[in-house]
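Dear colleague,

Please find below the structure I wished to pass on to you, together with its sequence. My notes on what was found in it follow.

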Amino acid sequence: MGMRNVRVVVLLMAMLAAAGCAGKKKGAAGGPGLSEEGVTPGGSLEQFRSGAALPKGEAGKLEDIHFAFDSYELDEEARRILRDNAEWLKDNGRVRVEIEGHCDERGTVEYNLALGAKRARAAKDYLTSLGVEADRMTTISYGEELPLCREHNEGCWQQNRRVHFVILRD
């Protein structure tokens with residue numbers, strides 16, 4: 001069994017275990033994700049969403065980018081946003097950031113995790129090309145597991161096809 005298959009099996013087992021935990025709302029504490037290092041539990045996502053993982057006063061400095069269906073290509077709007085994000089990151093050289101790749105609900109879990117990883121990697125690569133140090137950024141894919149919108153229509157799916165930036169404490 002190859003390393004990729006092992007990761008998928010571990011991810012699926014972690015997802016099943018998370019789904020079986022009593023008293024947890026679906027997605028409330030974050031599910032497993034596919035990071036640069038492999039499968040991670042993503043346990044502190046609730047802290048990220050509440051702002052607890054952000055240095056005081058720095059929430060919302062980095063804007064999300066969005067993608068076309070079944071794509072990880074950066075369009076001109078995404079590049080513009082990433083240029084602004086890069087300037088802020090260069091001005092705040094001590095800040096580390098986690099780059100989260102997200103997808104809409106269409107496609108298999110495995111496909112969406114891979115696509116989310118490609119989206120996060122595309123954003124990181126572009127930020128690196130703009131002068132942001134690569135070692136200040138990590139990537140993780142949540143696939144379809146953390147939607148912003150739960151309706152089943154194109155407007156909602158567009159919101160979910162995104163890269164989200166989480167500023168990490170030192």
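**Findings: confidence and disulfide**

In the stretch covering residues 3–32, pLDDT stays under 50, and the model has 34 contacts beyond four places in sequence for these residues. I begin there since this is a predicted model, and the confidence values bear on the reading of the rest. For the protein as a whole, the mean pLDDT is 76, and 64% of the residues reach 70 or more. Among the secondary structure elements, strand 2 (residues 38–40) has the lowest confidence, at a mean of 38, whereas strand 3 (residues 65–66) has the highest, at 98. I would ask you to keep these values in mind when viewing the coordinates.

As to the overall architecture, the model contains five helices and six strands. Their order along the sequence is α-β-β-α-β-α-β-α-β-α-β. Of the contacts between residues at least 6 apart in sequence, 74% join residues at least 24 apart.

Of the 170 residues in the protein, 39% are buried.

The cysteines deserve a separate paragraph. How many disulfides does a search of the whole structure find? The search returns one. The disulfide is formed by Cys-149 and Cys-156, with their sulfur atoms 2.0 Å apart. The torsion about the S-S bond of this pair is about -125°, and the disulfide is therefore left-handed. Cys-149 and Cys-156 are both buried. Cys-103 has a relative accessible area of 3%, so this residue is buried as well, given that the cut-off is under 20%.

One backbone feature remains to be reported. Asp-70 has a positive phi of about 60°, although this residue is not a glycine. Where does Asp-70 lie? Its position is in the loop between strand 3 and helix 3 (76–91). With a relative accessible area of 43%, Asp-70 is classed as partly exposed, because that value falls between the limits of 20% and 50%.

With kind regards

Notes:
Residues numbered from 1 in each chain as written. Predicted model: local features only at pLDDT ≥ 70, side-chain atom pairs only at ≥ 80, totals over all residues. Heavy atoms only, no water. Disulfide = S-S within 2.5 Å. Buried < 20%, exposed > 50% of the residue type's maximum accessible area, 1.4 Å probe, protein only. Helix = DSSP H or I, 4+ residues; strand = E, 2+ residues; numbered from the N terminus. Contact = heavy atoms within 4.5 Å. pLDDT = per-residue confidence, 0-100.
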